[in-house]
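I opened my notebook beside the model and looked things up one by one. Here is what I wrote down, in the order I went.

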Amino acid sequence: MADLNTRKAGILLHITSLPSDYGIGDLGESAYKFVDLLSSNSVRLWQMLPVGPTGYGDSPYAARSAFAGNELMISPRLLYLDGYLELDDVMDKALPSERVDYGEARKLKMPMLRRAAENFLKENRGNKDFETFRTKEGWWLEDYALFQVLADEYNDSRWFLSWPKSLKMRDEKALEKVRREKKHEIDVYVVLQYFFCKQFTDLKAYANEHGVLLIGDIPIFVAGDSSDAWSHRELLQIDENGEQEASSGVPPDAFSADGQLWGNPLYRWSEHVRTGFRWWIDRFKKNLELFDIVRVDHFRGFEACWEVPKGETTAKNGHWVKSPGQELFDALRSELGSDLPIIAEDLGVITPEVEKLRMDNGFPGMKILQFAFAFDEGDWQTGNAYLPHNIEKLSVAYTGTHDNNTTRGWYEELDDGMKDYVRRYFECSDDEVLWEAIRALMASPALYAIFPMQDILGLGSDARMNVPSTCGTSNWSWHMNKEDLETKSLEGLKYYAHLYGRDK
C-alpha cells in the first residue's frame, strides 16, 4: 500500500470533464489515458468530485444517492468489449461538445446503457459475481433502484412533492406492488450500478498499479430529493409528513449578506448516536472501496451545523447546532482502522473548536492560494495562512478548487494594485504568474499540492467549473479536448515533483 504521509502532487479533474465521444467523460479509454499521463509525469494523486448520480442542476454535490454511482459515467465502449452491446450500438453515436450537456448526454447514453443492462440480464442469469454484488450492496441498492424507477415514472425525483402519498410515505403494500410490476426496470438499475462498480474498481486497480492514488469527495449533507432522504428519513430532520423541519446553509459573511441557504435536510444526530453511526460507517466504508483518500466537504459541519428554520427564505435567521463529530470519528476508527485517510475541507469561517476537531484527528486541511492575497488597510497580509511560506505541513495546498475561478482567470480579474502584489510575491511577470504559483505550492511544506487541470492547461475564466450559489448550464460542464491528453504541460509539474520531493 502506498504511503499516504509522503509529499505528493496531484491533479483535480472530475470524470465528467474527460474527453468523450458521448458528450460526457466516462470510465473508459480517456480515464486510462489520463492515468498514464499522470503516472508518466510523477503525479501521484487524482482528485475527483463526488461521483454520485446527479439530479436537477447536475451538481455532483446534490446526488440522488450517497452510495450509488452516476450511470452517465459508465463507458459504452467498455460494455461493447464485455459483449453487452453491439458495434452498431456504440458507433456513429457521437455527441461532440465543448461543454457537457447533461440532458443531451442522457438522451444519447441512457438507451444504450439500458440495452446493455437488458442484454446482461438475458445472458447472465445466475451470474455469481453479479448476485454477490447485489446481495452485498442490497442494503442501499434496492431502495436506490426503486427510487430511480419511481423518479422515472413520475418524471420527478422530488418524492415529497410529486409522488402519490402511499409511495411518499413508503406504504409497504404500495411499495411491494411497484416491486412486482416494475421488477424489470428495477433490475436494470441494479445492473447499471454493477457496471459502474466494475468499471470504477478496474480503473482504481489500474491507477494504483501505475502509482496513482484516487481522491474522492463526500458531501456532508444528502439531497432532499435523494433515495437516502426518502428511505432513511428517521436519520434526518424530516417530519412524519415527509417535510423538512429545517435546512442547511451558512450564515451571512463578507461575501453574502443573506448567507447561503443550501436547502439540504439536516441530520437527526441523536438517531445516529443511537445506532452507533452505522449509516456513516457504511458511507465511509463504501467510499474507501472506491477511493484511496476522501475529501470531506464542509468539515466544519461535524463540529456544528448552521440550522435554518422551516419557512425561511434566506439563511440569516439560522443558528449553530452542535454535532457529535468526535464521537463519529471515534466510531469510524473502531471499525475502519486508526488511520482514516481523510482531507478536511475547512474553508470559510473556522472556529477554534473546528480547528481542534481537525487537529485532534490528524486530518490535513485545505489551503487555497487564491485566498492568500488581500490588503488590510493598505498593507500586505504577509501572515495570511494561505500564502505558500505560511502553509503548515498538515495541509493540502491548491491554486483553486472547483468553486474558484481558474488561476489565470482569477489573476486577470484582479485590480492593478493586487496584481502588483502578486507579481512582487512571486517575483515574476504577468505571463509567469500561473507557473510561479504552481512552483510555490510545490515547494511549500504542504503534504499534498493539487492543481485543477484547467490551471495545468493555462485556461481562463471560460473553463471555470462552478460559480457557487448560481444555477446555470456553464456549471459542472467544463470538458477537456482529446488533444489535452497529449499535453506536454505536465512536464513542468514532473520537474517540480522531482525538485521538491513529490515524486514518491
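This is a predicted model: local features need pLDDT of at least 70, side-chain atom pairs count only at pLDDT 80 or more; totals for chains, interfaces and linings use all residues.

**Entry 1: strand 3 and its partners**

I began with Trp-46 and found that its bridge partner in strand 3 is Leu-214. Residues are numbered from 1 along each chain as its sequence is written, and side-chain values use heavy atoms, with hydrogens and water left out.

I noted how elements get their numbers: helices (H or I, at least four residues) and strands (E, at least two) are DSSP runs, numbered from the N terminus. Two strands pair if DSSP finds at least two bridges between them.

Strand 2 (residues 45–47) pairs with strand 3 in the parallel sense over 3 bridges. I then turned to strand 6 (residues 293–296), which pairs with strand 3 in the parallel sense over 4 bridges. Here Ile-215 stands opposite Ile-293, and Asp-217 has Arg-295 as its bridge partner.

Is strand 3 buried or exposed? I found that 6 of the 6 residues of strand 3 (residues 213–218) are buried, so the strand is largely enclosed by the rest of the structure. For my own reference, buried means under 20% relative accessible area, exposed over 50%, and partly exposed in between (1.4 Å probe, protein chains only). Leu-213, Ile-215 and Asp-217 point one way from strand 3, while Leu-214, Gly-216 and Ile-218 point the other way, and all are buried.

Next I looked up an open sheet of 4 strands, which has the order 5-4-7-8 and antiparallel pairing. Strand 5 (260–265) and strand 8 (319–322) are its edge strands, and each pairs on one side only. Neighbouring strands of this sheet are turned by 50° against each other on average, direction ignored. Strand 4 (residues 246–250) and strand 7 (residues 304–309) pair in the antiparallel sense over 4 bridges, and there I found Ser-248 with Glu-307 of strand 7 as its bridge partner.

**Entry 2: helices**

Two packed helices are described by the angle between their axes and the distance between the axes. I looked up helix 1 (residues 29–40) and helix 9 (residues 183–209): their axes come within 10 Å and cross at roughly 15°. Helix 1 and helix 9 are therefore roughly parallel to each other. The cut-offs are under 35 degrees for roughly parallel, over 145 for roughly antiparallel, 65 to 115 for roughly perpendicular, and oblique for the rest.

Which residues of helix 1 make the contact? They are Ala-31, Tyr-32, Val-35 and Asp-36, meeting Gln-199, Asp-202, Leu-203, Tyr-206 and Ala-207 of helix 9. Contact means heavy atoms within 4.5 Å.

My other pair was helix 5 (residues 128–153) and helix 12 (residues 278–290), which pack at an angle of about 125° with their axes 13 Å apart. Helix 5 and helix 12 are therefore oblique to each other. Lys-136, Glu-137, Trp-139 and Trp-140 of helix 5 make the contact with Asp-282, Lys-286 and Glu-289 of helix 12.

**Entry 3: two single residues**

I found Ser-227 in helix 10 (residues 227–231). Ser-227 is buried, with a relative accessible area of 4%. Not counting residues up to four places away in sequence, Ser-227 touches Arg-64, Ser-65, Asp-143, Tyr-144, Phe-147 and His-232.

Last, I looked up Ile-350, in the loop between strand 9 and helix 14 (352–360). Ile-350 counts as partly exposed at 26% relative accessibility. Ile-350 touches Arg-300 and Glu-355, again not counting residues up to four places away in sequence. From Ile-350 to Glu-153 I noted 197 residues in sequence and 44 Å in space, C-alpha to C-alpha.

How values were computed: Axes are lines fitted to C-alpha atoms, for helices over the stretch in contact, and angles run from 0 to 180 degrees between N-to-C directions.
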